[in-house]
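Please look over the sequence and the 3D view first.

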Amino acid sequence: MDPSLELDLRIAGRGSRLASLHAALRDAIASGRLAPGLRLPASRELAARVGVSRNTAVAAYELLASEGWLESRGAAGSFVAELPRAAVSVSDRASVAPWADSRWLRGDAGGWPAPLVSGPPPAYHFKTGMPEVASFPFDVLRRLQTRALQAAAREPARYPEAQGLRALREAIAGHVSSSRAVACTADDVVITAGAQQAFDLIARVLVTPGRTRAAVENPGYPPLRAALLAAGALLAPVPVDAEGLVVGALAADARIVCVTPSHQAPLGMAMSLARRRDLLNWAAERQAVVIEDDYDGEFRFTSRPLDALKTLDRDGRVFYVGTLSKSMLPALRLGYVVTPAWARDALVAAKHAAGFGTPALMQAAVADFITEGHLLRHVRRMRGEYAERRRVLEQMLQRHLGERVQILPAIAGLHLAVALPGVDTDELTRRAWAAGVGVEPLSRYGAGMGEMPGLVLGYGSVTAARIPEAVRRLARALGTL
C-alpha cells in the first residue's frame, strides 16, 4: 500500500470481518483521511495489508461503491467518490466550542470589511497600498539573498532574535534618522512582520481588555482598528479636518491615540505642525501614548516633509511604526517599530510569544539592500514616477468628472482621495468594476459615523499611460448613476 494510505484498519476478531473492513474504510472516507479522487490499492493488496481474504476485500469495495463512497473505474481501479457535503457530518461551533470568539469565526475581526465586488482583477485597478513592482530591482535583491544564504551555510543553526537582526535594525535606524529626522539607534528598533504585526504587538502590550480606550481617526485604517479590538480595546473614533486629527475632539479618557500624520489614511492631508504639538501636549497631560503610522511618507511631493511626531517627542510617548511594503515590496512582510525605551523589552517579549522572530535570511538581504544605498535610489526614482501618475490622475479627473468630483489635497503617498457629493459610491464601485475599473469607496475606511461619499484611488499599480483610459471608463460609470 502506498505510504500515504496508511490507515489503522482494525478488523474485529469476532463477527463479520467484511463489516469491520467496510466500516473502517467508510469512516476513513467520511472523516476526510481518504480524500475525494484518491485511488485505493487493488483488492489483493488491501487483503494482504489488513489480513483478510481477497473475496472479503472485493466485497467491501463493492459495498462501498453501491453506497456511493467509492467509484469503480474498471481496470483503472477504485477511487474515493466526490461526496455531497451533506454526506459528511461536520459539527459546528455551537456544539464544539460555543465559547469561541464569534467575531473571528464570522470573519468580522480581520480588518477590512467585505469587498463590494469580487472576481478576477479588472483591467485597470486603482488598488490602494500597492507599489509598482515592474521597476523594483529584483536582480539586486536576488544577489543579496544569495549572499545571505551563503553566509548562513557557514554558521551554526540558530533562531533569529525576536527583536530583529541587528544589521537590519542598524540599517533602519540610519534610514529613518536621515529620511524622517527620527533620532534613534538599533536598540530602539523592533523588526516586525509588516506594520500590522507592529500594531498587534503594541496593542498586546498597552491594552487592558475592556478598559483601555483607544482613539482612532475617522475615517482611518481598518486593520489598525482590528488589532486594537482584538486586544480588547474600547475604540473612540475621532474626526479629522484639513489639519489632521482634531485634538479637541479626543475623549478625555483615551490612553492610546492612533494617527497617520504624514499622509492621513485615507484622506491624504498632513497634520499641521501646530496640531502635532497640540497632540503631544494633550498626551503628556493625560499620560497617554501615540501610535504614529508613517506608512508611505517617503513618497512626498514637496521638498521637505514636516517633522515626524517621533521627532518632536521628548518624553517617550510615541511609537513610530514604519513598513517596507510600500518602499520595497508587500511580499517581504517587513515592518518596524521605533519604540520608547520603557516599552522595548515588553514588545520583544510579545514578539517572541507570537513566533520567536522574523525570517533572518530576508532580514540580512534587506539590511544590505538599505546600507548599500539601493533603497534610497529606488525611493528617489519612484518618487518622481508616482508624482507623475498623481499629476495625470488629477488632470484626468478634472477633465472627465468636472464639477462632480472634489480632489482632496495631499502632499505624499500612493493614493488620492476624492469626494463625490451626492453619489452612491458603493453603487459606483460596482458599476466601475463592471466597466473594468477597480476603485475603493471611502466608506470602507469609516468607523460608523459621518462617512463622506467618495473614492480612494491608488496609483501604485496603474501606469501614467493607462490612467486616462481608466478615468474615462470611471466617468462613463458615474454618468450612468
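Histidine 175 touches Arg180, Glu298, Ile370 and Leu375, leaving aside residues up to four places away in sequence. Contact here means heavy atoms within 4.5 Å. Histidine 175 sits in helix α7, residues 166-180. Its relative accessible area is 13%, so histidine 175 is buried. Buried means under 20% relative accessible area, exposed over 50%, and partly exposed in between (1.4 Å probe, protein chains only). Helices (H or I, at least four residues) and strands (E, at least two) are DSSP runs, numbered from the N terminus.

The model is predicted: local features need pLDDT of at least 70, side-chain atom pairs count only at pLDDT 80 or more, and totals for chains, interfaces and linings use all residues. Residues are numbered from 1 along each chain as its sequence is written, and side-chain values use heavy atoms, with hydrogens and water left out.

**Pockets**

A pocket is an open set of points on a 1 Å grid over the protein atoms alone, where a 1.4 Å probe fits, with protein on both sides within 12 Å along at least five of seven lines; lining residues have an atom within 4 Å of a point. Volume is the space filled by probe spheres set on the points, which are joined across faces, edges and corners.

| Pocket | Volume | Lining by class |
|---|---|---|
| Largest | About 780 Å³ | 18 nonpolar, 12 polar, seven charged residues |

Ala, Val, Leu, Ile, Met, Phe, Trp, Tyr, Cys and Pro count as nonpolar, Asp, Glu, Lys and Arg as charged, and the others, Gly among them, as polar.

The largest pocket has about 780 Å³ of space. It is lined by 37 residues, and Trp112, Lys127, Thr128, Gly129 and Glu440 are the closest to its centre. Elements giving two or more residues to this lining are α8 (194-206), α15 (425-434) and β15 (440-441). The largest share, four residues, comes from α8.

The second largest pocket has 15 lining residues. Nearest its centre lie Ala152, Glu155, Arg158, Leu165 and Ala360. Here α6 (138-153) and α13 (360-371) each give two or more residues.

**Nonpolar cores**

Which residues touch the most other members of the largest nonpolar core? They are Phe126 and Leu393, in a core of 61 residues. Helix α14 (residues 374-401) gives the most to this core, nine residues. A nonpolar core is a set of buried Ala, Val, Leu, Ile, Met, Phe, Trp, Tyr and Cys residues joined through side-chain atoms within 4.5 Å.

**Aromatic pairs**

There are five aromatic pairs. Rings of Phe, Tyr and Trp (its six-membered ring) pair if their centres lie within 6.5 Å; planes under 30 degrees apart count as stacked, over 60 as edge-to-face and the rest as tilted.

Phenylalanine 199 and tyrosine 221 pair edge-to-face, 6.4 Å centre to centre, with 65 degrees between the planes. Phenylalanine 199 is buried, at 1% relative accessibility. Tyrosine 221 is partly exposed, at 29%.

Phenylalanine 319 and tryptophan 342 also form an edge-to-face pair, 5.7 Å centre to centre and 85 degrees between the planes. Phenylalanine 319 lies in strand β10 (residues 318-323) and tryptophan 342 in helix α12 (residues 341-355), so the pair ties together parts 23 residues apart in sequence.

Finally, ring pairs link Phe136, Phe138 and Phe369 into a cluster.
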